[in-house]
Amino acid sequence: MDFEKAKLFPCIVNVNVMSGQCPCRCVHCPVGIIAPKDRLSHFPKKSMGLGLFSRIVAEIALHKDSLLRIHSVGEPLLWNNLIGALDILRDFGVKSWLFTSAVTDNNSLLKQLCECISIIEISVNSINRNDYRNEKGIDAFDMVFDNICMMSEYIRNNNLRTRLLLSRVQTQNECNDEEFIKFWKEKNLANDVFVRSYHNYNNILDIRGSEGQKKPCLVHWARASIDCGGEMVCCFNELFKYYSNDVILGMLNENTSIAQIWNGEKLAAIRNCDMLGIFDALEFEIPCRDCKTCQPIGTMRETSEKQLTAILNSEGNFR
């Protein structure tokens with residue numbers, strides 16, 4: 001990752017496009033652990049408008065080494081503006097990433113994703129129906145398996161440059177995690193297969209094992225996180241809970257850009273404290289003080305920046 005370029009503009013801009021809806025009940029997700037009937041009380045339903053989305057995309061288009069990641073506090077395939085967003089991404093030619101469970105019977109939508117999105121990450125998380133039910137909480141493994149096969153074939157048959165990823169959240173069973181990688185790599189359906197490090201969403205979920213000491217987090221140096229209303233926050237994990245003004249770095253609108261907030265005084269103060277590991281100088285409260293599941297700078301963990309580097313290093317223009 002080029003930290004010099006990231007000083008001016010984030011490498012990855014995480015965008016929360018909607019909240020409160022997901023077909024899964026993942027045991028490692030703050031949305032999944034809440035019963036579907038109770039989710040709206042924990043995650044009020046909201047959605048990003050295409051006007052704001054278009055402004056975000058237009059600014060990212062000015063930075064060829066940056067990428068927009070469509071994420072959500074839920075399942076982004078349920079975002080009512082997704083089709084319009086794909087048109088905007090196509091028009092601006094911005095590199096993009098979509099994180100999804102791929103739990104859908106809408107093959108037409110999945111094919112449109114393959115045509116418009118640079119990186120599609122499917123959190124399949126399992127290698128069989130039983131493990132899928134245990135980890136994802138629903139019986140949809142066969143559907144997702146078929147969708148992965150279809151998307152992989154569609155990308156290859158149409159010579160698309162879309163990068164298909166299959167991921168799993170780290171468990172406490174290292175053998176099962178390794179078996180996940182082995183199983184899917186042997187299927188040869190994706191560009192990469194990996195296990196994402198477990199994190200507890202800034203203390204929403206349980207801590208697993210010994211997390212060690214707090215280390216400087218690359219999030220403050222490489223990734224911007226934007227909520228549905230244009231709130232740019234210090235950490236994407238805060239979007240899974242009620243967050244105070246303390247964690248808001250700034251508001252995106254017609255007069256305020258991502259770059260302005262990224263280079264603003266509040267984030268600069270957070271960076272200084274994060275490098276020292278001392279947050280007493282801050283006049284506001286942020287979760288970094290007690291976070292033990294961050295993405296340390298120079299980490300050996302599987303990171304999003306690795307995948308961004310892979311497409312930047314690919315031959316020719318990517319999207």
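Let me start with a term I'll need in a minute: a cavity is a set of grid points where a 1.4 Å probe fits but cannot get out, and a residue counts as lining if it has an atom within 4 Å of one of those points. The general idea is that rolling a probe the size of a water molecule over the atoms shows where empty space is left. And please keep in mind that this is a predicted model.

So, how many cavities of 30 Å³ or more turn up in a search of the whole structure? Two. I'll talk about the second largest cavity, with a volume of about 40 Å³. Its lining is made of Val219, His220, Arg223, Ala224, Met232, Val233, Cys234, Leu249, Trp262 and Leu267. By type, that lining divides into eight nonpolar residues, one polar and one charged. Which elements supply at least two lining residues each? Those are helix α9, at 219–222, and the strands β8, at 223–226, and β9, at 231–233.

Let me zoom out for a moment. The protein has twelve helices and ten strands. Of its 319 residues, 54% count as buried. If you take the contacts with a separation of 6 or more, residues 24 or more positions apart account for 72% of them.

What does Ile56 touch, leaving out residues up to four places away in sequence? The list is Val13, Val15, Met48, Leu68, Ile226, Leu252 and Ile258.

Buried or exposed, or something in between? Gly51 is partly exposed, at 45% relative accessible area. The C-alpha atoms of Gly51 and Asn253 are separated by 10.0 Å, and those two are 202 residues apart along the chain.

One more of these, over in strand β6, residues 163–169, where you'll find Arg163. Arg163 has a relative accessible area of 17%, and the cut-off for buried is under 20%, so Arg163 counts as buried. From Arg163 to Cys114 is 8.8 Å, C-alpha to C-alpha, for a gap of 49 residues in sequence.

Now the aromatics. The count of aromatic pairs comes to seven. The one I'd like you to click on is Phe145 with Trp184: the ring centres are 5.5 Å apart and the planes are at 40° to each other, which makes the pair tilted. Phe145 is in helix α7, residues 141–157, and Trp184 is in helix α8, residues 174–187, so this pair links distant parts of the chain, 39 residues apart. How accessible are the two partners? Phe145 is partly exposed, with a relative accessible area of 21%, whereas Trp184 is buried at 1%. Both belong to a cluster that ring pairs build from Tyr132, Phe141, Phe145, Phe183 and Trp184.

There are also arginines over tryptophan rings. The charged end of Arg69 sits over the ring of Trp97, 5.0 Å from the ring centre. Likewise, Arg271 lies over the face of Trp221, at 5.3 Å from the ring centre.

Last stop, backbone angles. Most residues other than glycine have a negative phi. Where does Asn125 stand on that? Asn125 is not a glycine, yet its phi is positive, about 70°. Asn125 lies in the loop between β5, residues 119–122, and α6, residues 129–136, and counts as buried at 1% relative accessibility.

Asn159 also has a positive phi, about 55°, again without being a glycine. Asn159 is in the loop between α7 and β6. This asparagine counts as exposed, at 69% relative accessibility. So with these two asparagines you get a positive phi at a buried position, Asn125, and at an exposed position, Asn159.

Terms used: Residues are numbered from 1 along each chain as its sequence is written. This is a predicted model: local features need pLDDT of at least 70, side-chain atom pairs count only at pLDDT 80 or more; totals for chains, interfaces and linings use all residues. Side-chain values use heavy atoms; hydrogens and water are left out. On a 1 Å grid over the protein atoms alone, a cavity is a set of points where a 1.4 Å probe fits but cannot get out, and a pocket is an open set with protein on both sides within 12 Å along at least five of seven lines; lining residues have an atom within 4 Å of a point. Grid points are joined across faces, edges and corners, and a volume is the space filled by probe spheres set on the points. Helices (H or I, at least four residues) and strands (E, at least two) are DSSP runs, numbered from the N terminus. Ala, Val, Leu, Ile, Met, Phe, Trp, Tyr, Cys and Pro count as nonpolar, Asp, Glu, Lys and Arg as charged, and the others, Gly among them, as polar. Rings of Phe, Tyr and Trp (its six-membered ring) pair if their centres lie within 6.5 Å; planes under 30 degrees apart count as stacked, over 60 as edge-to-face and the rest as tilted. Buried means under 20% relative accessible area, exposed over 50%, partly exposed in between (1.4 Å probe, protein chains only). A charge sits over a ring if NZ of Lys or CZ of Arg is within 6 Å of the ring centre and within 35 degrees of the ring normal. Contact means heavy atoms within 4.5 Å.
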